[in-house]
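Here is a short tour of the pockets and cavities in one protein model. Keep the structure open as you read.

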Amino acid sequence: NFWRPPTNNDEGAQLQRKLVLWRDAGRNAVAKSLQIEKGDRPKLTVDLDVPAGDTTATISYLFEGDGKMRVDVAVTPNGDAPILPRLGMQMPLTDAHNTLEWFGRGPHETYVDRKRGAWIGRFQGTVDELFYRYTDPQEAGNHTEVRWAIISKGGQGGVRIASAGTEPLQVGAYPFDPSDIEMARHPVDLRNNYGRVWLNIDSMQMGLGGTNSWGQMPLHKYQIAPKGRYRYSFILKPNL
């Protein structure tokens, strides 16, 4: 997933148009090869062509005997592509998974350039209350420097996510379809969650900016350049 519901600052800089190449790039990626390694620890590796310039990606899934799965992601932006709004993965879950707990910055939402008012700790809340309802619906509910997180059914069961690399994750969940958040103009427009929540497990997300809200980009150090090779890893396992 390379997209986020545009913020007011994004719209002020016309990023919903300038960066639109990334909007559906993840869901429209095409597998160009697939490798399966059998054995006690099966591994599935997929090489992808991503329709954003000449971007490619490789995702591997390593399955452990105890129900644990390790996911390794490598993305190589290339060609004529703009900066990335986000670099991560997104999955829909049933809305019975209504509670998010994490060890990272909190208790409120944080972003790479909006986190000094938060501290490292263990926090918990419902997906609904952690998603801030801005007057103009937009990206919300992200948490930075996450070592691990659990999305569960009222604190019971669910899935545990943990960083498996050298860097912590960014994790958040939407109580509404990301496309509906993007299209809504007032909070009242967000009514139907289709029985789902949308979990985001990210390596990084572009900064919110805010030097001004009518055209200024986020500072360069908080942008995701469309070059180089980005890697991140995480582990999924049942929360027993």
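## The cavities

The second largest cavity holds about 30 Å³ of space. The model is a predicted one. Lining this cavity are Asn9, Asp10, Ala13, Leu15, Leu208, Gly209, Gly210, Gln216, Met217 and Pro218. By class, five of the lining residues are nonpolar, four are polar and one is charged.

The count of cavities of 30 Å³ or more comes to two. The largest cavity holds about 50 Å³. Its lining consists of Trp3, Arg4, Pro6, Asp10, Leu15, Gln16, Leu19, Pro85 and Met206. Six of these residues are nonpolar, one is polar and two are charged. Asp10 and Leu15 line both cavities.

## The largest pocket

About 630 Å³ of space lies in the largest pocket. Its lining has 35 residues. Asn1, Gly26, Arg27, Met89 and Gln90 lie nearest the centre. Strands S2 (43–50), S3 (55–63), S4 (69–76), S5 (86–94) and S13 (230–238) each give two or more residues to this lining, as does helix H4 (178–183). The largest share comes from S5, with seven residues.

What classes make up the lining of the largest pocket? It divides into 23 nonpolar, five polar and seven charged residues.

## The second largest pocket

The second largest pocket holds about 410 Å³ of space. It is lined by 21 residues, and nearest its centre lie Glu167, Pro168, Gln170, Ser203 and Met204. Two or more lining residues come from each of strands S8 (143–146), S11 (169–174), S12 (196–205) and S13. Here the lining has seven nonpolar, nine polar and five charged residues.

Key: Residues numbered from 1 in each chain as written. Predicted model: local features only at pLDDT ≥ 70, side-chain atom pairs only at ≥ 80, totals over all residues. Heavy atoms only, no water. 1 Å grid on protein atoms, 1.4 Å probe; cavity = no way out; pocket = protein on both sides within 12 Å on 5 of 7 lines; lining within 4 Å. Points joined across faces, edges and corners; volume = space filled by probe spheres on them. Helix = DSSP H or I, 4+ residues; strand = E, 2+ residues; numbered from the N terminus. Nonpolar A, V, L, I, M, F, W, Y, C, P; charged D, E, K, R; others polar.
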